[in-house]
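Here is a friendly walk through one protein model, from its overall build to a group of aromatic rings. Have a look at the sequence and the structure first.

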Amino acid sequence: MSDLRTFRPGGARIVAYGVAVLMVLLTVVIGLALPDEISFTPAEDVTLWAIIAVVLTLLHGVGRSLVRADDDGVEVLNGYRRRHVPWSEIQGFAMNTGAPWPTLVTKDDDRINLFAIQGSDGAYARQAVAYLRGRLEP
């Protein structure tokens, strides 16, 4: 039987998606509330929505981050970059006091930040790191 655990950011995910919804709502409300004599050119409209799209894309990158541990290894999705590291290549997991997130350390001394496990999530972050450390071969 497979042991699969997925970790996602708590507070950071709520903030990212909350800000995204709020930003779109405020843009629409302000746009509808403007007096008729104020209008934007098509170029200004495209520029405004392009900037909003870029910000929404960045916020979604924060919200979709994850760390997934299964019997084969650890999958890390930081924003839009996905990496899979087999257990045999993992040296350990570092999470210093006050660190914003833990780091996966490979046997080649590569370091991969685990954005999905936010230090600000407190006990959840500590439990996630303890679980990952516990999965390592002695």
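Helices (H or I, at least four residues) and strands (E, at least two) are DSSP runs, numbered from the N terminus. Counted this way, the protein has 3 helices and 7 strands, and from the N terminus on they run β-α-α-β-β-β-β-β-β-α. The radius of gyration of the protein is 20 Å, well over the 14 Å that the globule rule gives for 138 residues, so the protein is more spread out than a compact globule. Here the radius is taken over C-alpha atoms, and the rule is 2.2 Å times the number of residues to the power 0.38. Along its principal axes, the C-alpha trace spans about 70 × 30 × 25 Å.

A word on the ground rules: this is a predicted model, where local features need pLDDT of at least 70 and side-chain atom pairs count only at pLDDT 80 or more, while totals for chains, interfaces and linings use all residues. Residues are numbered from 1 along each chain as its sequence is written, and side-chain values use heavy atoms, with hydrogens and water left out.

Of the 138 residues, 33% count as buried; buried means under 20% relative accessible area, exposed over 50%, and partly exposed in between (1.4 Å probe, protein chains only). A contact means heavy atoms within 4.5 Å. Among contacts between residues at least 6 apart in sequence, 51% join residues at least 24 apart.

Now to the rings. Those of Phe, Tyr and Trp (its six-membered ring) pair if their centres lie within 6.5 Å; planes under 30 degrees apart count as stacked, over 60 as edge-to-face and the rest as tilted.

| Pair | Centre distance | Plane angle | Type |
|---|---|---|---|
| Phe7 and Tyr124 | 6.3 Å | 65 degrees | edge-to-face |
| Phe7 and Tyr131 | 5.8 Å | 55 degrees | tilted |

Phe7 lies in strand β1 (residues 5-7) and Tyr124 in helix α3, so their pair ties together parts that are 117 residues apart in sequence. Tyr131 is also in helix α3, so its pair with Phe7 ties together parts 124 residues apart. Phe7 is buried, with a relative accessible area of 2%, whereas Tyr124 is partly exposed at 32%. Phe7, Tyr124 and Tyr131 form one aromatic cluster.

What does Arg135 touch, not counting residues up to four places away in sequence? Its contacts are Asp3, Ala69, Asp70, Asp71 and Trp87. Arg135 has its place in helix α3 (residues 123-135) and is buried, with a relative accessible area of 18%.
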